[in-house]
Each structure stands twice: as C-alpha cells, then as structure tokens.
Amino acid sequence: MSPFLLTRTLPVDATDAALRADVRSGLTARPKTLPPKWFYDAHGSDLFEEITRLAEYYPTRAEREILIARAGEIAAASGAKTLIELGSGSSEKTRHLLDALPGLHTYVPVDVSESALAGAAEALLAERPGLSVHALVADFTHVLELPDSPGPRLVAFLGGTLGNLLPEERAEFLASVRARLSPGDALLLGTDLVKDEATLVAAYDDAAGVTAAFDKNVLTVVNRELGADFPPDDFEHVALWDADNEWIEMRLRARRALTVKIRELDLVVQFEEGEELRTEISAKFREEKVREELAAAGLRLDQWWTDTAGRFALSLATAH
C-alpha cells in the first residue's frame, strides 16, 4: 500500500459555498461577524507564521515548550498507534509527537487545504519512510468520518484553536470528537490560559502591526473571492479583552461611514462610522473550565501540562 493516501470528504465547491454562506449571514447580522477561518489564504497563512515569531505572541512558543518537554509522557500515556491531527496545517509542531511515538503506524492529518496536506505529507515521509500518512481534506467542525487505522488512536487538537469556537460550538465539537473515540483512544487538547489583560491584548495587537494586517486580510479574501469592494485601509484593527466571557475579541472598526458592495452575492452592506465587525474570539481557559467542558462531552481529563510560565496548557482526556 502507498505510504500516502489522500481522501477528500469535502465537495470541490464546499469552500466557496461556505464562504458565501458565512459572508451573507455574518454581514447581515447585528453585530456583524465573519469567522476567523477566512483569514487563512496563502498570504494570511504567511502572516500568521510571522505572528508566531513575534515577541508579543507567546502561545506557539509556550505550546512548543510543552511538546518538547512532555512528548515522551504524552506518548507513554496514550500508547498511540494512530495520530489524528485536526487542523494540521504544516504539521510542524506534530513532529515532536511523531518522534516520541515509536510504535506509531499511521498519521492522519485533517485540514481544509489539500495543498497544505500534500506538502506536509511529502516532507514527513521524506524524514520518516516507515510512516503511513492518510490525509483527510475535511472541515473538522463538521462530522468527521475517520479512516480505519490501528488503535489506540490519539486525536490532537493543538494551537488553542478550541478557543475560536463559541461555548455552544465548543460543546458540539467536543461531543463529536467523543463520539469517534473508542476505548483506549485519547484527545490531546491545546488551550491558552487566562492571564493579565496587557499580555493578552499585546498578543493580538502587536506593535509592528502584523496582526492588524492579518485581521484586514479577511477583507481582501472577500474582495477577491466574492467581488466585494471593501477598502481595508478604512478599517482599524481592534483587540479587546472581554473579562466576563474571558476571551479576546478581534474586530475591524470602520473609520468612516461606508457602503460595501459584494457583487457575487448581490449584496450591499452599510457600515456606520465606528461600527465594528467581529472577526475572531479567542477564549482563554482555566483548568477547571477545561475539565468541566470535557466532562460535559463525556471525556475525563487525565493529564494536565503547562509551560514553565503557566501561560498555555496541553491536556490529555479519555472517554468515560
């Protein structure tokens, strides 16, 4: 059997249809919103890689620190023969887990980008010729049909991406993961932790303006894909800490009153001066909150690891 398989579970036009639906529903809502997944075209992905190297943006470094220090413990606790990574992207961080899992048979990266999956698989197989990679072109926020692979299986959801989901979306997502776990399988979950407001806001509003460019890139994506005429320079990037919900909100604030036409949707959208478009939430967590949300989905938190500064956590949970 070939060491690399790729299965597309999304229709070829699924991304376009989802963008159209999200833009129509989000820009006709009050307040206006767009999901953060639309940041990530090729340019947006490059900008995010730049963000991860900024002094202010600690989550990537903190998570990598935990993976390097604890990969052996994660491997021993999970005993995984199959590693399934949701939202795998370049699979860069995953290498620490792959190196620590000597009995690993199959790696299943899941992403909406076929090109990202193919590129990551090519690099991994060149480094690890004994590995089998079965990539899935899929949206992990929808019901996933996972390929047959040897157990136990470890499902990894890293990077704090869980925090981009609203509470009801998180509950639905965790329940869907639980439904796909067999006895002996586990979930490895990355969560950014609650900390002081200044550190949090700086991580999402860096001095160099890279995050601002990343935020505005969603407008460029809508302009290109749907024939819109958003003027990105007429929007200001805003990052706010919501202490009640314990999440960061990223928004784009109209500098003046605007009329935006979205040709492909035959839609006209009015912005008042100062009106804000929410582009992302990034929830921050406490250990007890993670434990409770996992328990509500039928998962038991078994292991909890943080970086030395206590900024970020990886948790290992099993079905109960």
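This report describes a sheet and a group of aromatic rings in a predicted model.

## Basis of the values

Residues are numbered from 1 along each chain as its sequence is written, and side-chain values use heavy atoms, with hydrogens and water left out. Because the model is predicted, local features need pLDDT of at least 70 and side-chain atom pairs count only at pLDDT 80 or more, whereas totals for chains, interfaces and linings use all residues.

## The sheet and Lys32

Four strands form an open sheet with mixed pairing, in the order β2-β12-β9-β8; strands are DSSP runs of E with at least two residues, helices are runs of H or I with at least four, both numbered from the N terminus, and two strands pair if DSSP finds at least two bridges between them. The edge strands, each pairing on one side only, are β2 (32–33) and β8 (235–242).

Strand β2 pairs with β12 (residues 276–283) in the parallel sense over two bridges, and Lys32 has Leu277 of β12 as its bridge partner. The charged end of Lys32 sits over the ring of Phe271, 4.8 Å from its centre (the criterion is NZ of Lys or CZ of Arg within 6 Å of the ring centre and within 35 degrees of the ring normal).

## The aromatic cluster

Ring pairs link Phe39, Tyr40, Phe48, Tyr57, Tyr204 and Phe214 into a cluster; rings of Phe, Tyr and Trp (its six-membered ring) pair if their centres lie within 6.5 Å, with planes under 30 degrees apart counted as stacked, over 60 as edge-to-face and the rest as tilted. Tyr40 and Phe214 form an edge-to-face pair, 5.4 Å centre to centre with 70° between the planes. Because Tyr40 lies in the loop between β2 and α2 (42–51) and Phe214 in helix α8 (residues 210–226), this pair ties together parts that are 174 residues apart in sequence.

Phe214 is buried at 3% relative accessibility, and Phe39 is buried at 0%, whereas Tyr40 is partly exposed at 38% (buried means under 20% relative accessible area, exposed over 50%, partly exposed in between, with a 1.4 Å probe and protein chains only).
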